Protein chains: 4
Amino acid sequence: MAGNGAKNFLQQVLNVVTKEGGFDRCLSQMRIVSAEKGRCVAEVKVEKEHTNRSGAMHGGYTATLVDVVTTMALLTVNQETPGVSVDLNMSYMKAAKTGDEILINAELLKSGKTLAFLSADIVNKETGALIARGSHTKYVG
Amino acid sequence: MAGNGAKNFLQQVLNVVTKEGGFDRCLSQMRIVSAEKGRCVAEVKVEKEHTNRSGAMHGGYTATLVDVVTTMALLTVNQETPGVSVDLNMSYMKAAKTGDEILINAELLKSGKTLAFLSADIVNKETGALIARGSHTKYVG
Amino acid sequence: MAGNGAKNFLQQVLNVVTKEGGFDRCLSQMRIVSAEKGRCVAEVKVEKEHTNRSGAMHGGYTATLVDVVTTMALLTVNQETPGVSVDLNMSYMKAAKTGDEILINAELLKSGKTLAFLSADIVNKETGALIARGSHTKYVG
Amino acid sequence: MAGNGAKNFLQQVLNVVTKEGGFDRCLSQMRIVSAEKGRCVAEVKVEKEHTNRSGAMHGGYTATLVDVVTTMALLTVNQETPGVSVDLNMSYMKAAKTGDEILINAELLKSGKTLAFLSADIVNKETGALIARGSHTKYVG
């Protein structure tokens, strides 16, 4: 699965999961920018509802972005297996503020029989500055 | 700050931050159970709005619980400094399902001049089973 | 397996692995203090050969201690399965210096069919100060 | 500092630290391949002394490679400040076996006033397969 096929599939998945009343609704404004085998790029504008009291993108929301967009990257190689989270590690390098547009670049680093290793960089769309990097290990067996 | 003073202070902080329209509103049903110097215990019932498509507590929500309740533990030693996240690491051991009541036990492991090291265990309130463990490093300088 | 049986078994494993010419030889002075189901405590004195240029215990050696002693804790529940490392996460709170005696307290947090979640705290034996905490996820399927 | 100047400087640092009797002596066969501002590539052949009982590169040695080569990448931007480890997170994707030649590609992701965020990929030199990825947060204030 690659190119527009992959992008359209992931956008449809996103449309469905953000409308079901679960936690993913916090991603309802996110958009799939591109997708190919093992990769997914998404974008979203930081709104007040994504921020903490300091007006910066919330660490929990940032972790949610990594969790979900890496899972999208995993779905490009197996539409049937979102997997189950084992470990999720976040490093926070720079704040994103309300109004900032950000890109989430997710990649499947290694896909084995039982485990998938994924990574995502979150960058400021305008400046390219690295906001956060997350790694995500999922059980897919 | 300890005992009911600490508990009441943290409950007030929680009441404020969950009503301001930011990302913390996803914690509006959470309750502070107890607090003392360097420790905070909170509880929440898993609702559909906290779950993923499998009906299990969302990994991003789980990370948010660790982020926020460890910050509460930090506030017990310095009410002025919530700090800024540096690293957040999650291990997911067991699913929590809709209707499960869970406890978040957060602890300040080390508080230095510029960095604070925190940890939280999320357990099923009824069975005591460990659902997730998170570690959180914050910059407090 | 518990008590002196577990302790003696792990000490024998340690004696063997540190004499085979592999990387574990850097643990040749380590000693098993106690062991029970899912737990192992080891101790070692920090020597120059464990340190970096600043005279502090090396971060790589500290990670090795967590890797090995958590694996010892895993062996208390299944002598046949040391498992394979998936994720290892370290937080470094305080330096240990040459001459310091340290304890490594390792614990099996969750043992599933395919994954084991382990944790270890490294503390100064005399002062009890927390030097480092590591979490270790292993594949045991 | 860039190009051969950086490479020669880091090779000299490596020559010194591996001969002082500390833990870095386990890296005595490592070689700096290239260096530029914020980057360092090193290579080493896996020998028995780097392995565990299964004949695979030891997880503790792998963590040591990440620790040290990311620090080399940091030294390219500030020769005076190796910094102090705060968090080190490893994901282990694939075994490296005795005789394998491996590359460690380290990068400074973000350098702030007090914290530096670094990352390293360890790959098989012949096949390019990803063996491990590590992230390393250091205090440099």
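Predicted model: local features only at pLDDT ≥ 70, side-chain atom pairs only at ≥ 80, totals over all residues.
Let me start with R31(B), which is partly exposed, with a relative accessible area of 39%.

Turning to chain A, we find R31(A) and E43(A) meeting through their side chains in a salt bridge of 2.7 Å, N to O. Here too the pair links distant parts of the chain, with R31(A) in strand β1 (residues 31-36) and E43(A) in strand β2 (residues 39-45) of chain A, twelve residues apart. R31(A) is partly exposed at a relative accessible area of 39%, whereas E43(A), at 12%, is buried.

In chain D I would like to show another pair, in which the side chains of K125(D) and E43(D) meet in a salt bridge of 2.6 Å, N to O. K125(D) sits in the loop between β5 (115-124) and β6 (130-139) of chain D, and E43(D) in strand β2 (residues 39-45), so this pair ties together parts that are 82 residues apart in sequence. K125(D) counts as partly exposed at 40% relative accessibility, while E43(D) counts as buried at 13%. Back in chain A, salt bridges that share partners join R31(A), E43(A), E101(A) and K125(A) into one network. Over all chains, a search of the whole structure finds 28 salt bridges.

Strands β3 (84-92), β5 (115-124) and β6 (130-139) of chain A each supply at least two residues of the side that touches chain C, and β3(A) gives the most, with three residues. By class, that side of chain A has four nonpolar, three polar and one charged residues.

The contact takes eight residues from chain A and eight residues from chain C. Between them the two chains bury about 670 Å², 55% of it on carbon and sulfur atoms, and V86(A), D87(A) and Y139(A) supply 48% of the area that chain A buries against chain C, more than any other three residues.

As for symmetry, a rotation of 180° with 0.0 Å of shift along its axis superposes chain A on chain C, with an RMSD of 0.0 Å. The two copies are thus related as by a two-fold rotation axis. In chain A, the C-alpha nearest that axis belongs to D87(A), 3.7 Å from it. The same surface serves both copies, as 100% of the contact residues of chain A recur in chain C.

I will finish with R133(B), which is placed in strand β6 (residues 130-139) of chain B and is buried, with a relative accessible area of 15%. Its side chain makes a polar contact of 2.7 Å with the side chain of D121(B), and another polar contact, of 2.9 Å, joins the side chains of R133(B) and S119(C). Leaving aside neighbours within four places in sequence, R133(B) is in contact with residues including M90(B), S119(B), L109(C) and R133(C).

How values were computed. Residues numbered from 1 in each chain as written. Chains lettered and ligands numbered in written order. Heavy atoms only, no water. Helix = DSSP H or I, 4+ residues; strand = E, 2+ residues; numbered from the N terminus. Buried < 20%, exposed > 50% of the residue type's maximum accessible area, 1.4 Å probe, protein only. Polar contact = N/O pair within 3.5 Å; in protein donor to acceptor, adjacent residues only side chain to side chain. Contact = heavy atoms within 4.5 Å. Buried area = accessible area lost by both parts, 1.4 Å probe. Nonpolar A, V, L, I, M, F, W, Y, C, P; charged D, E, K, R; others polar. Least-squares fit on C-alpha atoms with pLDDT ≥ 70 in both. Salt bridge = Lys/Arg side-chain N within 4 Å of Asp/Glu carboxyl O.
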